[in-house]
Amino acid sequence: MADATASFKDVPELFEVELGEALTARTESLATFRELGPPDLCHIVKSTGRTGQRDIGSYHFVSGVDASSSASLAAYINSLTYSIEDNSAWFSKSTAWKVRNGCYCCFNAFSRVDIRVDVKIPGGVVAYVVDLRGERHEATPEMWQETYLSALLRAILYSDDPTYCLIPITTIEGELRFLQAAEALFMKGWQVGSDPEIQVATVVSNHLTAGVMKYFSDSGRCQPAANLFEKLAAREPEIASLLARSYIGMNEEVKAVQIMSAAMKHTPHSYTLLHVQSDFLRSKGRPDWALKLAREAVNCAPSEFVTWEKLTELYIDIKDYESALLTLNSCPMFTFNGRDAHLHLPFQRQIGDILPEKIKSDDDVADPALLRLPAPGLRGTWARAYSLLTRLVSDIGWDELLKTRSVVFVMEEEYRMQKAQADIQKVVTTNGGRDVNKDVTVIHEDGSVTAGSATLADDDASTRGMSSPLSESESKPEIENGLNVSAIPIIRVSSESDTEREIAESTRNGIAEQDEATESASVQGMTLEKPVQAAAGEEPEPSQLSNSSQETFSFTNKRLCERWLDNLFMVLYEDLRVWTIFRAEVAHFKTQHVAYRKTGLEWEILGDLGIRLHHKEEAKEAYQRCLDTSRYSQKPWAKLLEMYAEEGDITRTIQAAIRVAAYQYADYTEMTYPTLIARCFFKLGQIHGHAKISFTLLSMGLPDPILKIMDSYLQYGKTFKVEGYDF
């Protein structure tokens with residue numbers, strides 16, 4: 001157990017059991033780092049200077065520190081010497097701890113090495129490089145430039161991750177240095193990897209370009225980005241897509257169109273350029289024209305998920321839902337590689353009394369049915385594909401989506417019936433000269449055996465399989481992995497809780513109004529047939545796919561549904577089932593004039609569920625109800641902050657921003673930009689101006705520490721001349 005007087009005042013550090021174990025662990029795990037790598041590690045050794053007193057080792061994580069030289073990293077370690085807690089009093093004899101030495105580790109995502117700076121106090125500074133094998137090398141100026149840009153990209157791209165402690169670019173000079181490094185290393189940007197939805201990182205699709213676009217787009221300042229891409233486009237024509245996107249962000253649409261037109265002559269097969277044009281036409285209300293460009297982008301990059309995703313979105317825009325579902329089924333799916341995280345256990349800092357206590361309470365528990373929802377666990381291409389599927393069901397409803405699915409995909413029942421018919425044909429063929437109208441033994445698709453006319457029996461089987469009610473044996477659902485996958489039952493209030501049982505009983509007794517209780521139950525009465533599992537099953541034989549005179553339908557115009565899409569339908573069903581139960585409960589309690597209660601965590605999960613299913617108003621209500629509980633959580637405030645900013649509600653936006661800022665301060669996220677609060681403030685600033693935001697803050701009578709934090713966002717806007725700063 002570390003001495004309390006050995007702790008830093010404002011740094012969430014972790015103490016070692018054995019001195020140096022954090023550095024050893026980082027060296028051993030270097031080969032496992034992915035793409036941009038983890039946050040920087042700062043290892044500190046503290047000593048009292050007394051003989052026999054054991055030194056203490058601690059470490060913490062940080063991102064965004066200026067890593068352009070050994071001097072800047074050494075300065076950070078030196079600044080920690082003034083942060084050790086001083087709890088001694090005049091009458092105490094507590095030992096004074098001091099920083100004896102430190103080691104700052106920063107991962108270079110370009111060269112895949114770890115830059116380390118050892119600092120001895122007092123003493124010298126030693127900088128060196130540790131490669132993936134743990135061997136030491138000398139640090140070159142090129143490596144320092146790569147390391148500096150790697151650190152900034154982590155800070156910018158991971159700014160929305162609450163587990164990352166970030167320090168931003170705070171001056172015009174710092175931004176210029178960032179642009180200079182980006183220009184020098186731009187052609188090597190593909191080496192740092194790309195978003196999980198991109199299969200192959202290119203010179204225009206990688207973390208470097210994503211970082212530059214995010215940094216300048218979030219504040220509406222695309223001019224510096226355009227200047228950068230203007231210089232680079234002369235060397236690489238494909239960069240014209242980024243240049244055009246920057247000019248569109250500056251509302252220089254004529255200039256952007258001219259650039260796209262000229263670039264198409266040099267790089268007609270660039271899918272990124274085609275996507276920029278497609279997005280522009282889509283924004284102008286011409287999805288039909290945009291669709292043609294999206295199709296060409298698929299032809300140019302058929303192995304990229306984003307091209308198929310764009311085409312699916314446009315099919316939905318023009319309401320061609322069958323083509324949208326077929327296109328979604330064709331999307332290539334990639335393994336998701338998460339970012340390198342770190343163990344982060346911040347010590348909470350209170351700023352005023354505006355946050356609830358960070359203690360475990362009854363509002364931190366939830367019904368297992370809500371906790372087991374699979375959709376929140378989707379990542380990468382699976383999450384993006386699921387978003388498209390929820391957009392489809394939002395547009396046309398569950399019933400129509402199921403009908404569309406059965407039209408374009410081979411359903412399992414059809415496949416089994418077709419195989420049964422093929423078996424019957426073999427039996428008939430084996431009989432040779434027998435009259436097919438004579439009595440024969442017929443094996444039906446449901447497994448029953450009867451005697452009768454082969455032709456009639458076969459036709460009857462086809463008819464029964466398509467239109468007649470299912471027999472008792474057919475109506476039994478198949479169970480796979482604990483889920484009913486052959487038939488989705490009528491969605492009704494389940495018996496998982498007393499509340500749900502009460503509603504079910506009340507509904508049966510006619511207490512609840514039928515129209516209100518079923519208003520949101522858009523998925524009741526639906527049955528979901530399980531499509532053929534193409535990934536695991538066999539392709540239908542040609543004889544089964546052919547159009548026979550004995551058959552009333554064929555598979556020639558149908559596709560096999562991919563297993564991952566079939567699984568997403570089940571994920572969507574689970575979301576819809578829970579949402580329907582929730583809305584039925586709300587309707588029931590309203591008719592009974594009884595308060596409807598949930599825990600804080602349950603309201604938060606239901607809010608997320610509403611966002612996924614595109615029920616924005618109901619989601620907002622759920623997040624607002626979560627705020628009435630004692631749950632310690634930043635998410636509902638952050639979600640409401642985005643919603644209020646989108647609506648232009650300046651007072652509520654500021655109130656939500658104050659809470660989000662307090663949570664971030666408590667968790668040591670000391671970053672002004674790019675953050676969610678900055679994006680929302682700048683969005684409001686474009687409408688109302690920063691002066692109105694400033695006056696609204698003053699009128700709230702906030703404590704000085706909170707007012708200072710909120711004012712920092714406006715000061716950033718003034719420094720970098722964000723739109724709205726001057727009115």
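The model is a predicted one, in which local features need pLDDT of at least 70 and side-chain atom pairs count only at pLDDT 80 or more, whereas totals for chains, interfaces and linings use all residues. Residues are numbered from 1 along each chain as its sequence is written, and side-chain values use heavy atoms, with hydrogens and water left out.

The protein chain holds 27 helices and 11 strands, these being DSSP runs numbered from the N terminus (helices H or I, at least four residues; strands E, at least two). Of its 727 residues, 52% are buried, a term that stands for under 20% relative accessible area, with exposed meaning over 50% and partly exposed in between (1.4 Å probe, protein chains only). Among contacts between residues at least 6 apart in sequence, 71% join residues at least 24 apart, a contact being heavy atoms within 4.5 Å.

An open sheet is formed by seven strands in the order β1-β3-β2-β4-β5-β6-β7, with antiparallel pairing; two strands are taken to pair if DSSP finds at least two bridges between them. Its edge strands, each pairing on one side only, are β1 (14-15) and β7 (136-137). Strands β4 (residues 98-108) and β5 (residues 113-120) run antiparallel and are joined by eight bridges, and Val119 of β5 has Gly102 opposite. On to the next strand, six bridges pair β5 with β6 (residues 125-130), again in the antiparallel sense, and Asp114 has Val130 of β6 as its bridge partner. Four residues separate β5 and β6 in their hairpin, where Gly123 in the turn has a positive phi of about 150°. The loop between these two strands also contains Pro122, which is joined to Ile121 by a cis peptide bond with omega of about -15°. Val130 has a further bridge partner in Arg136 of β7, and β6 and β7 pair in the antiparallel sense over two bridges. In the hairpin of β6 and β7, five residues lie between the strands, and Gly134 takes a positive phi near 85°.

Among the helices, α6 (residues 223-233) has Pro224, Ala225, Ala226, Leu228, Phe229, Leu232 and Ala233 as buried residues. The elements that cover these buried residues include α4 (172-185), α5 and α7. Ala383, in helix α14 (residues 380-408), is partly exposed, with a relative accessible area of 29%. The C-alpha atoms of Ala383 and Glu197 are 9.9 Å apart in space, although the two residues are 186 apart in sequence.

The second largest pocket holds about 850 Å³ of space. The pocket is lined by 29 residues, of which Asp195, Ser205, Leu242, Arg245 and Asp279 are the closest to its centre. At least two lining residues come from each of α5 (207-217), α7 (240-249), α9 (271-283) and α11 (305-317), and α9 gives the most, with six. By residue class, the lining divides into 11 nonpolar, nine polar and nine charged residues, where Ala, Val, Leu, Ile, Met, Phe, Trp, Tyr, Cys and Pro count as nonpolar, Asp, Glu, Lys and Arg as charged, and the others, Gly among them, as polar.

Positive phi values also occur in residues other than glycine. Asn251 has a phi of about 65° and is placed in the loop between α7 and α8 (253-266), where its relative accessibility of 65% counts as exposed. Lys721, with phi near 55°, is found in the segment after α27 (704-719) and likewise counts as exposed, at 54% relative accessibility.

Note on methods:
1 Å grid on protein atoms, 1.4 Å probe; cavity = no way out; pocket = protein on both sides within 12 Å on 5 of 7 lines; lining within 4 Å. Points joined across faces, edges and corners; volume = space filled by probe spheres on them.
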